[in-house]
Amino acid sequence: MISTAPYRTPQAARRGSATSERATAIKRGYKARLRRGDLLETIVYFSVAIALALFLADGGATYFINIKDVTTGLGIVTGLIGSDLLLVMLVLAARIPAIDRTFGHDKALALHRKLGKPVLYLILAHMLLLMIGYGIAQGLNPIAEAIDMIANQQDMSIAFIATGLLILVVVTSLVIVRKKLSYEFWYVVHLLSYAAVLLALPHQFTQGMMFADGTWARWYWMALYVGSLAAITIFRVIVPVASSLRHDLRVSEVVVEAPGVVSVTMRGRGLDALRAQGGQFFQWRFWAPNMRLDAHPYSLSAHPDGRSLRITVRDLGKGSGKLLTLKPGTRVSFEGPYGLFTDEARTTNKAVFVGAGIGITPIRALLEASDLAPHEATVILRGSDAEDVYLWQETYDLCVEKSASLRVLVGHRPRGVHTWLSAEAYGQGESLLTLAPKIKESDLYICGPTPWTELVIRDAKRLGLKDHQIHAERFDF
Ligand SMILES: Cc1cc2nc3c(=O)[nH]c(=O)nc-3n(C[C@H](O)[C@H](O)[C@H](O)COP(=O)(O)OP(=O)(O)OC[C@H]3O[C@@H](n4cnc5c(N)ncnc54)[C@H](O)[C@@H]3O)c2cc1C
């Protein structure tokens, strides 16, 4: 079934200057984000360059004379760069607002994941090269050298434990392994990466003279660690705890939207101060029996009004299923708001919103938050049946209020065809372009199952949309 909501008559007089002001603000915001992104990237490259400079300043060039010293020299360089990038990884996952608002939380995490294997390879190379290099110097084979290091050299036993922990963290994060683990188990193992960083730290100061007492190199290296660990403690622990206590959020209403789908409204103090926007998500913890140990990410399903926050959740497992039993009055703690799936991320003055199933939640909130001119928004909703188009009436009303075009495609996908469309829409020759004729000059926001989202992105790219025009919220990590 395909239906279209009525268009409102254009209010042309109001549009002119407001639209051009908004277009200028969008351009300015986008350029500022690009500049911030360039600056943050430069800082990362610069930190790697400094790691190399530390090696050279410590007489690094003198290592490149014979095989023993070349091996040792490369071992030191890989250790320095690997440790530097390990801190970059932790900072990317620290949910620092400047990073989140520049790249978006999901892109920061994607980069964090991408760095995982190279960092592990660098650290392993560091360990193996030094076992070989020092081994040659002492006339020992690499294994005997490793045993000697562990037994006789200060802080080396815990450095080896740190490497073991890092291997465990990276292996459990490989997609193929991760799929077999529960989220909670993976999360606890992942916390070991902090232990790995701390255990590896002492040997960096006690082995060799590069970071000897009183050198500027020692101060710089310590500042890197203190800064990174402080950022993690502040943004992942102190800010969420303080914010939860300050806003004293409690469940005020639980509404069943459809079988297995509930909307939970929460009220608290001074919620304006959170500066949350429709489209963003929080990590929520409900202080009800059996729920205290779970924290789950859910997007806002309504743009915050300063007094309340609302989420809409589909029962997809043991954690989300428990929300069906939530009682008003339950205390809620949270981390966030996170994410760049917002109107602020828009780079044009038109938008196409595409949502499937429970993916409607950030789309509905974002539509409510957006200040698009009439006729500049198109909303496309997908569901396997009409019941699967959640928050339908609210979304319809919003489309009418904002004079947005609304297309609803229900039914399963056609067999044997790689498409995100319903069989009916596909059979009628519909496409992203026929459903949203202005798509090429619009921003595209997509939220739905990841493989389905990838198909929408594929079609958008075939139409020539650039990466910066495409915003996808993925409901899995
Ligand atoms: C940014 C974001 C926004 C989301 N917004 C919504 C929303 O508005 N409405 C909604 O219904 N769902 C949303 N989800 C999905 C929701 O978080 C998961 O369905 C829920 O956490 C599943 O947990 P479970 O214990 O019920 O299921 P499980 O059976 O334990 O897990 C099902 C899947 O969810 C993943 N998962 C489990 N726990 C977590 C967790 N704490 N953090 C991240 N992933 C986890 C697992 O890896 C698995 O792939 C969102 C997810 C993300 C990442």
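The feature "transmembrane region" is placed by an unreviewed UniProt entry at residues 43-65, 77-98, 119-137, 157-177, 184-205 and 217-239; UniProt positions are given here in the numbering of this text, with feature names shortened, and such annotations may be inferred rather than shown by experiment. The model is predicted, and local features therefore need a pLDDT of at least 70, side-chain atom pairs count only at pLDDT 80 or more, and totals for chains, interfaces and linings use all residues. Residues are numbered from 1 along each chain as its sequence is written, and side-chain values use heavy atoms, with hydrogens and water left out.

Of the listed spans, residues 184-205 are 100% helix and 0% strand, with end C-alpha atoms 35 Å apart, while residues 77-98 are 82% helix and 0% strand, with end C-alpha atoms 30 Å apart. Helices (H or I, at least four residues) and strands (E, at least two) are DSSP runs, numbered from the N terminus.

The domain assignment divides the chain into domain 1 (20-242), domain 2 (248-338) and domain 3 (343-474), the bounds being taken from an automatic or database domain assignment. The centres of domain 2 and domain 3, taken over C-alpha atoms, are separated by 24 Å, and 18 residues of domain 2 are in contact with 16 residues of domain 3, where contact means heavy atoms within 4.5 Å. For residues 244-344, UniProt lists "domain: FAD-binding FR-type" in an unreviewed entry; this span is 8% helix and 42% strand, and its end C-alpha atoms are 25 Å apart.

Around the ligand there are 22 residues, of which Ala 295, His 296, Pro 297, Gly 319 and Ser 320 come nearest; a residue is near a molecule if one of its heavy atoms lies within 4 Å of it. The shell around the ligand draws at least three residues from each of domain 2 and domain 3. Strand E3 (281-286), strand E4 (296-299), strand E5 (308-314) and helix H10 (318-321) each supply at least two residues of this shell, and E4 gives the most, with 4 residues.

A nitrogen atom of the ligand lies 2.7 Å from a backbone N or O atom of Ala 295. An oxygen atom of the ligand is 2.7 Å from a polar side-chain atom of His 296, and an oxygen atom of the ligand lies 2.7 Å from a polar backbone atom of Pro 297. Taken alone the ligand exposes 870 Å², of which the protein buries 85%, with accessible areas coming from the Shrake-Rupley method with a 1.4 Å probe.

Two features of the backbone remain to be described. Most residues other than glycine have a negative phi, and most peptide bonds are trans. The peptide bond from Gly 336 to Pro 337, however, is cis, with omega near 5°, and Pro 337 lies in strand E6 (residues 331-338). Leu 391, although not a glycine, has a positive phi of about 55°, and Leu 391 lies in the loop between strand E8 (377-383) and helix H12 (392-401).

How values were computed: A polar contact is a pair of N or O atoms within 3.5 Å; within protein, one must be able to donate a hydrogen and the other to accept it, and residues adjacent in sequence count only if both atoms are side-chain atoms.
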